[in-house]
Amino acid sequence: MLTSVDTDLLRVLADPLRLRIVTLLARETLCTTHLVEETGARQTNLSNHLKVLREAGVVETEPCGRFTYYKLRPQVLERLAGSFTELAATARHTELNNTKRACP
């Protein structure tokens, strides 16, 4: 089932720019400069979104000289996907067994 951690993560990923960042980082590890080029967002705005993603544990940083690279932590998304898989299995069970609460 979905936990409060999952719902917090859903809020983080609900922002279109953050979802775009996650999608880009799923393909490759990128620095802020690359993300600015890819998204068209301002650097300060992008940095704020990256901070939110970092604090949520979705991305981690990798220093490289004067640049900071960001990479996706796939296990976080896998955990969220697992929660949705469990939820779907529960719904499928409910549907197959016609589970219904009686009205008073």
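Me: In E3, what is the bridge partner of valine 59?

Reply: It's leucine 72. Keep in mind that this is a predicted model. That bridge belongs to the pairing of strand E2 (residues 59-64) with strand E3 (residues 67-72), which runs in the antiparallel sense over six bridges. Another bridge puts glutamate 62 with tyrosine 69 in E3.

Me: How do you know that E1 and E3 count as a pair?

Reply: They have two bridges, in the antiparallel sense. Pairing takes at least two bridges, so E1 and E3 qualify.

Me: What makes E1 and E2 the edge strands?

Reply: The open sheet has three strands in the order E1-E3-E2, with antiparallel pairing. Strand E1 (30-31) and E2 each pair on one side only, and that is what makes them edges.

Me: What happens in the hairpin of E2 and E3?

Reply: There are two residues between the strands, and glycine 65 takes a positive phi near 65°.

Me: On to the helices. How do you describe the way H2 and H3 pack?

Reply: Two packed helices are described by an angle and a distance between their axes. Here helix H2 (residues 16-27) and helix H3 (residues 32-39) pack at about 115°, with axes 11 Å apart. Their crossing is right-handed.

Me: Which residues in H2 and H3 meet?

Reply: From H2 come Leu17, Arg20, Ile21, Leu24 and Leu25, and they meet Leu35, Glu38 and Thr39 in H3. By class, that contact has five nonpolar, one polar and two charged residues. Arg and Glu count as charged, so Arg20 and Glu38 are the two charged ones.

Me: How do you know what span to expect for helix H5?

Reply: Helix H5 (residues 74-96) has 23 residues.

Me: Why are Val76, Leu80 and Ser83 in H5 called buried?

Reply: Buried means under 20% relative accessible area, so each of these H5 residues falls under that cut-off. What covers the buried residues of H5 includes helix H1 (4-13).

Me: And what comes just after H5?

Reply: Asparagine 98, which takes a positive phi of about 50°.

Technical notes:
Residues numbered from 1 in each chain as written. Predicted model: local features only at pLDDT ≥ 70, side-chain atom pairs only at ≥ 80, totals over all residues. Heavy atoms only, no water. Axes fitted to C-alpha atoms, helices over the stretch in contact; angles between N-to-C directions. Helix = DSSP H or I, 4+ residues; strand = E, 2+ residues; numbered from the N terminus. Left-handed = near helix turned anticlockwise from the far one by under 90°. Contact = heavy atoms within 4.5 Å. Expected span 1.5 Å × (residues − 1). Buried < 20%, exposed > 50% of the residue type's maximum accessible area, 1.4 Å probe, protein only.
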